[in-house]
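This briefing sets out selected features of the structure shown below, grouped by topic.

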Amino acid sequence: MALECIVKKEFDVREGEHMANELSTMQDVVSTLEAIVDNTRIFTDPEYLDRYAQDTSLCAAGRPDAVVKVLSTEEVQQIVKLAHEHHIPVTPRSSGVGFYGAGIPEQGGIVIDMSAMKKIRRIDKRNRWVMVEAGVTYGEVQAELAKEGMRVLNPLLAHSEKSVITSTLEREPKLTPKHHLDETILTMEMVLPTGNIFHTGSMAISQGQPEKVPDETHSDLCNFHGPGVDWFRLVPGSLGTFGIVTVMNVKTTLIPTQSKMVFLGFDKLEDCVEPFYHIERTLIGDDCFLLNNRYLASILAADAADIERISSVLPAYTIVLNLTAGEWYPEDKMAYQEEALHDIARTFLVTPLETLPNVPDVAAKISALLYQPWDNGTYWKFRARGASQEVFFLTQLQRSPEFLKVITEVAAQCNYPLSDMGLYIQPKQHGRTFHMEAGFPYDPEDSAQRQRIETVYQKVSEALVTQGAFFYRIYGLWADMVYSRTGTYHKTLKRIKRSLDPHSILNPGKLGF
Amino acid sequence: MAFTEVAYKALQDIVGEENVSNEPAICQAYSRVQWLPSGVMQRENCGLNMRPACVVMPGSTEEVQNIVKIANRYQFPFIPRGSGFTFQAFPTAAGTIVIDPKRMDRIIELNEKDMYAVIEPYVSFVGLQSEAMKYGLYTPTPLAGSQVSCLANYAWHGAYGNSWITGVGAQNLLGFELVLPDGEVVKSGSMTCPGAGNFWNDGPGPDLRGFLRGGMFGHAGGIGVVTKISCKLWQFAGPEVFPTEGNANMKFSSGFGEDVWRWYMIKFPYKYPEEEELELKKSAELFYEMGKAEIGEVATHLAQQFLYTYSSVTKQDLFDNIKNDVFPSGFVVVALQAKTSFKQMEYEEKVLKEIVKKVGGIFVEEDEPAYQVWIKRAANEWIRFGNAQRLARPSDNFSIGSSNVDSIDSIVYEIIESNEVGRDLLKKEGLGKDFVQPLSIHGGWISPQEYGYWCLHTTDVFPEQEPEQCNQAIEIIGKVAKSQLERKSAAAVIHLLGPAYDIFGPMLGNVHLIMKDLKKEFDPNNLANPGYATRPDVLSQEELQKMMGH
C-alpha cells in the first residue's frame with residue numbers, strides 16, 4: 001500500500017499545517033523499519049492488518065499501513081523517532097484484546113504492537129511493587145507475584161489478554177476500593193512523541209534500564225510525582241496520545257491469610273445505597289462491588305445456556321464483600337469486621353449471607369476468580385449473546401438509582417430487552433465515588449441486533465451525559481459528546497498535546513486531537 | 001508595557017475602588033517574606049522591587065478572569081497569593097501586581113456522604129476542619145499551620161501530620177477551577193461536566209491535575225490562578241468540636257477520648273546521635289510492618305529538632321527542654337483511630353504492640369519527660385496544627401536542609417548521608433555554627449505516606465533572619481543537594497521549580513525543555529508569576545553559573 005494514503009490525512013492539531021513526507025511509499029517506510037526491527041516482525045499483509053483494524057467495540061474500523069511487533073523500548077523509540085520525523089501516525093497497542101476502540105489506528109500509519117514485551121522486570125517485595133513491560137497480562141503477573149504472597153490490584157475478571165499497563169493507563173476500576181490503592185502507578189518509562197525516552201517519578205534520576213535503577217542509584221522507585229508535571233496523572237486516560245509507556249512499576253498488595261465472602265441481596269437499587277455507603281465508610285473488607293443478577297449469572301454459570309436460569313434465582317442486586325485479614329491476629333480482625341458488618345445489616349434490615357440461595361458454592365467460585373483474569377472460554381461479558389457494549393461513568397452512589405432509571409428508560413425505548421442488561425457498580429476510595437457500568441449483550445452476527453445496540457449505545461450515553469453522569473474515560477463517540485460540554489477543558493488538552501506532540505503523530509483522532 | 005495608571009483604573013472598574021490599592025504602606029505589607037532564608041535573601045536583593053505595584057482583591061472567578069485579561073492587555077505580571085508563606089508568592093520585579101484572594105473565602109459545599117468539600121482560595125484548614133468535624137470528617141493536618149489556605153496548600157505543596165493515611169497535597173486535591181494566564185477558565189474532573197457535581201478528580205480523559213502539579217510542587221501561579229477546588233475529607237471518629245483549653249500559643253491542651261483516639265511514642269535503645277542510623281533503620285522496620293498490616297492513623301518519625309521546636313511553648317522552654325535532654329533521641333509517634341469501631345482500634349493496638357516488640361522498640365512510659373512534653377502537650381497539635389509557628393520559634397526562621405521522596409529505606413539512607421554532609425560542613429567550614437538551634441542538622445522528619453508505600457523526609461536548619469546566616473543556610477542546602485545528586489539520590493525530582501529546572505533538567509531527561517514549551521504555550525508573555533514553574537527561555541551558561549555561584 002502506498003504511503004500516500006497515510007499522508008493525505010490531516011491529523012495535525014495545528015490548523016492548516018500538513019505533514020511533511022520524505023518517505024513516499026510504504027516500501028520506503030518498511031525499508032526504514034527493517035533497519036530497526038527484524039523484518040519477520042513487520043507486517044503489511046492486508047489480512048494480517050485487518051486484525052488490528054477493529055476490536056470488540058462499535059468504533060469504526062481503521063486499518064493500519066504496517067504493524068510492527070516490538071521487543072524493546074529502544075525499538076519503540078526508533079519507530080517513534082521515524083514517525084515524528086516523517087509525520088506518520090503511530091498507534092500503540094499492548095493488549096491482545098480491545099473493548100473500546102482505543103487501539104484502532106483511526107488514521108492508519110504504524111501500529112506498534114508491544115504485546116510481546118513480556119518481561120516482569122523486577123519485584124520489590126519490601127516496597128510492595130512490581131515492574132512490568134507493556135505486554136505483561138494479569139495472569140502472568142499474578143502467577144509470579146503469588147510466589148511472594150503478593151498480587152497486583154486488578155479489575156473485575158479482566159480479559160486474559162489484557163495488559164496490566166493498558167488496564168492501568170485506561171484507569172479500569174479495581175476491586176479493592178482502598179484510598180491508598182486507587183492510584184497504583186509508581187514510575188514509568190515512556191517514549192515521548194519526539195522519540196525521546198523519558199522516565200517519570202524517581203526513575204528520572206537515571207536514564208538507564210528501569211529495573212537497574214535501584215541498584216545503580218539510591219532510589220527504590222517509590223516516588224511517582226513529577227518531574228515537571230505529574231505524568232502518573234496526565235498520561236492515564238490519554239489513550240497513548242501523550243506518550244507510549246513501555247515499562248511501569250505499580251503498587252501491589254499482600255494476599256490475605258484469611259478471607260470470607262459475604263453477600264447482601266436487594267430487590268431494588270435504591271435499597272443498596274445506604275448499606276453500601278456504610279460498608280465503605282467503616283473501611284471493612286478488601287474487595288467490594290455490586291452486580292445485578294444478569295452480570296453475576298454470567299460469571300457463575302457453567303455455560304452460556306445456564307445464564308438465564310441462574311439469573312432468575314439470584315437477587316436483583318448483590319453486594320459482594322470480601323472480608324480479609326493478614327499476618328497479625330487474623331481471627332481478631334475478621335471478628336471486628338464481621339461485627340461491624342452485622343451492625344450495618346441490623347440498621348438497614350438486610351441479612352449478610354455466606355452463600356446465595358439456589359447457587360451452590362457461590363462463595364468459593366467468586367473467591368477463586370477474584371484476583372485472576374477470566375479463564376473460562378468466551379469472555380464473561382460476551383457469554384450470553386456473543387458480544388456486549390458497555391456504557392460506564394462515575395457517580396455519587398446516591399445518584400445511581402437516578403442514572404439506572406435513565407439507562408433502563410432509554411434502553412426500553414430502543415426495544416432492548418432489559419432482562420439481558422448487566423449492571424456493575426464498583427466503589428473507589430472507600431466510597432468517594434462509584435464506577436457504574438451498564439452492559440448490553442447482543443449478537444454481533446445479527447445485523448438488526450447490532451444496529452439496535454448502536455442506537456442504545458448512542459442514546460443511553462447521550463441521555464446520561466445530559467443527566468450529569470461523569471464520563472471519566474473517553475472513548476469513541478464519547479469524545480465529542482462530552483468535550484462539547486466541558487468548556488475549555490478540551491482546548492486545554494489540545495494545547496498540552498500541541499506542546500508535547502507538535503505533529504500529532506501519537507494515536508491521532510482519539511480524543512478529538 | 002509597565003503597570004500604568006490606566007491599568008490601575010481598569011482594575012478599580014473590575015473589583016471596585018475599595019478592593020484595589022497602591023498605597024505604599026499596604027503594598028509594603030505584601031513584600032514581607034516570612035520565614036525562609038531564600039525569602040530573606042530575596043528581600044535583601046530585591047529591596048523595594050518586592051513591593052507590588054498594587055494589590056487587588058477579587059471577589060469571584062469572573063473578577064480574577066478580568067484582572068488577568070487586563071494584565072494581558074497592559075502586559076504587566078501578576079502573582080496569585082495564598083496565605084503568603086513562600087517566597088515564590090512575592091514580586092521580584094517592579095510593576096508586578098499581587099492578586100489577594102481574601103474576599104474569596106467561602107466553603108461552597110461540604111458533602112458528608114461522598115467525603116469532599118468545595119472551597120475558595122481563602123478558606124483555611126482550621127475553617128474547613130471545624131466544619132468537617134461536625135460531620136464525622138476531617139482534613140489532612142498541614143505542618144505549615146491550620147491558618148494556611150487549603151487551596152494553596154493542595155495546589156502547591158502540602159505535607160501533613162497524618163500523611164500516613166492522607167498522602168500529601170497531590171493526593172487530596174480533587175477537581176479545580178483555574179484561570180489560565182490568558183484569562184480563559186478551565187475546570188477539571190467532574191466539575192467540568194455540567195450537572196455532574198464536584199466529587200471526582202480524573203478526567204474526562206487525561207487528568208489535568210497532572211498539569212497543575214508536578215514533583216512535589218505546583219506551579220506557584222505560573223500557569224494561572226486557581227480560584228476553586230474540591231478536596232478530600234477523611235473519616236473522623238469524633239468529637240464534633242475539637243476539644244481545647246487555654247491559649248493557643250502558650251499554655252494549651254487538647255484531648256480526644258481514649259475510645260476514639262490513642263497516641264503512642266516509641267523509642268529504640270540506641271545512643272544518639274552516634275547510633276542514629278540504627279535507630280532510624282529500626283524505625284523504618286516498624287513502618288514497613290505497620291504498612292503491611294495497614295494499621296494506624298498517624299505514623300511518623302520525629303527528630304529531636306521537631307520534638308523540641310513543636311513542643312516548646314516559649315523560647316526559654318525550648319532551651320530548658322534541650323538542656324534537660326527531654327528528647328534524648330528521635331522518636332516514632334503513632335496514633336490509632338477508631339474509624340470502624342472501638343474493637344478495631346483495640347485490634348490495631350494489639351498488633352502495634354506485637355510489631356514494636358518484633359522490631360525491638362520500647363513504648364515511652366507516661367511518666368517519662370518525653371511523653372509528658374510531647375504526648376500531653378503537643379501530640380494533638382498534629383491534628384489541629386494551630387501552632388505551626390513553633391517551627392520558627394528557635395530563630396524566627398527555618399528552612400528545609402534536605403528533602404527527598406522515595407521508599408522509607410531510601411529516606412533513611414538520605415537522612416544519614418545528608419546529616420553527614422551537614423556535620424562535615426559545620427566541622428570543616430563552620431557553616432551553621434552560630435545557628436540558634438544547636439541540634440539543627442541532626443535527625444530528620446520521616447513521614448511515610450499512604451501506609452508506607454512511599455515516604456517524604458526533611459531535615460531542617462534554623463538560621464536567624466539576617467543575610468549572613470541565611471546565606472550560610474542556603475549554602476548548606478545547596479551543598480547537601482549537590483551531594484545528593486552526586487550519589488544519584490532522586491532528590492532533584494522533587495526540587496524542580498524556577499531556575500532549578502535549568503540546573504537539574506538536563507539530568508532528568510531534559511524535562512526543563514518540556515516545561516518551557518508548556519510555559520510558552522500557556523503563558524507566552526511570561527506574565528503569570530514570571531519564572532514559574534520555569535522561565536519560557538533556557539537560561540544561558542553564564543546565567544546558570546551565576547546562580548550556581550550563589
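In chain B, four strands form an open sheet with mixed pairing in the order β1-β2-β4-β3. β1 (20–21) and β3 (78–80) of chain B stand at its edges with a single partner strand each, so one side of each has no neighbour in the sheet. The model is a predicted one: local features need pLDDT of at least 70, side-chain atom pairs count only at pLDDT 80 or more, and totals for chains, interfaces and linings use all residues. Residues are numbered from 1 along each chain as its sequence is written, and chains are lettered from A and ligands numbered from 1 in the order in which they are written.

**Sheet of chain B**

- Helices (H or I, at least four residues) and strands (E, at least two) are DSSP runs, numbered from the N terminus; two strands pair if DSSP finds at least two bridges between them.
- β1(B) runs antiparallel to strand β2 (residues 54–56) of chain B, and two bridges join them.
- S21(B) has V55(B) in β2(B) as its bridge partner.
- Helix α1 (residues 5–15) of chain B lies across β1 and β2 of chain B, at about 20 degrees to β2(B).
- Helix α4 (residues 61–74) of chain B packs on the sheet, where it touches β2, β3 and β4 (97–99) of chain B, and its direction makes about 155 degrees with that of β3(B).

**Helix packing in chain B**

- Helix α3 (residues 37–46) of chain B packs against helix α17 (residues 467–486) of chain B at about 130 degrees, with the axes 9 Å apart. Axes are lines fitted to C-alpha atoms, for helices over the stretch in contact, and angles run from 0 to 180 degrees between N-to-C directions.
- P37(B), S38(B), V40(B), M41(B) and E44(B) of α3(B) meet P467(B), C470(B), N471(B), A473(B) and I474(B) of α17(B). Residues are in contact if their C-beta atoms, placed from the backbone, lie within 7 Å.
- The residues of this contact divide into seven nonpolar, two polar and one charged. Ala, Val, Leu, Ile, Met, Phe, Trp, Tyr, Cys and Pro count as nonpolar, Asp, Glu, Lys and Arg as charged, and the others, Gly among them, as polar.

**Contact between chains**

- In chain A, 76 residues are in contact with 72 residues of chain B.
- α17(A) gives the most to the side of chain A that touches chain B, with seven residues.
- The residues of that side of chain A divide into 29 nonpolar, 29 polar and 18 charged.

Technical notes
Two residues are in contact if their C-beta atoms, placed from the backbone, lie within 7 Å.
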